[in-house]
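I opened this entry to go through the fold step by step. The notes below follow the order in which I looked things up.

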Amino acid sequence: MTLANSHAFSGFSTNDTAAATKFYADTLDLRVTEDSEMGVLTLHTGGGPVLVYPKPDHTPASFTVLNFPVSDIEATVDELATRGVHFERYEFAEQDDRGIHRGGGPLIAWFEDPAGNVLSVIQE
């Protein structure tokens, strides 16, 4: 058995699929489809599908569940901010006034979806 050629995908939970659909489709401009039988959303990204499944007792993860590599983090952060995205501030990060971490490693900025899941945009 080998998983090296498997088309793996990721998933995480939400407590409100309607809010998640609106956020991912309208705010982040992703194509979102829903399995009406199961209530599972599929986020269609350039890297492959990501599942968002309903979970009534959802607790957001304490880590980043989804990273979006971008070629221009500053332009992306500015655009997302105009769409109402709030960028998180963390004590461990050296962040500028936009919320972009510039303290070593890749440039990265974190934000949350309506269910509190942590997402990021990260400079390629």
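I take helices and strands as DSSP runs, numbered from the N terminus; a helix needs at least four residues and a strand at least two. With that labelling I started at the end of H2, where I found Gly84 following the helix with a positive phi, near 95°.

Confidence. The model is predicted. I noted a mean pLDDT of 94 for the protein chain, with 99% of the residues scoring at least 70. Strand E4 (residues 48–54) has the lowest confidence, at a mean of 95, and strand E6 (residues 108–112) the highest, at 98.

Sheet. I looked up the strand order and got E1-E4-E3-E2, an open sheet of four strands with mixed pairing. Its edges are strand E1 (10–14) and strand E2 (31–35), each of which pairs on one side only. I then checked the pairing of E2 with strand E3 (residues 40–45): the sense is antiparallel, over five bridges. In E3, Val40 stands opposite Asp35.

Helix H2. Which residues of H2 are buried? In this helix (residues 73–82) I listed Ile73, Val77 and Leu80 as buried. They lie on the same side of H2, because the arc they cover around the axis is only 70°. At the start of H2, I found a side-chain oxygen of Asp72 within 3.3 Å of the backbone nitrogen of Glu74.

Asp96. Is Asp96 buried or exposed? Its relative accessibility is 18%, and the cut-off for buried is under 20%, so Asp96 counts as buried. A polar atom of the Asp96 side chain lies 2.9 Å from the backbone nitrogen of Arg98. Leaving out residues up to four places away in sequence, I noted that Asp96 touches Arg89 and Arg102.

Methods. Residues numbered from 1 in each chain as written. Predicted model: local features only at pLDDT ≥ 70, side-chain atom pairs only at ≥ 80, totals over all residues. Heavy atoms only, no water. pLDDT = per-residue confidence, 0-100. Pairing = 2+ DSSP bridges. Buried < 20%, exposed > 50% of the residue type's maximum accessible area, 1.4 Å probe, protein only. Arc of directions from axis to C-beta. Polar contact = N/O pair within 3.5 Å; in protein donor to acceptor, adjacent residues only side chain to side chain. Contact = heavy atoms within 4.5 Å.
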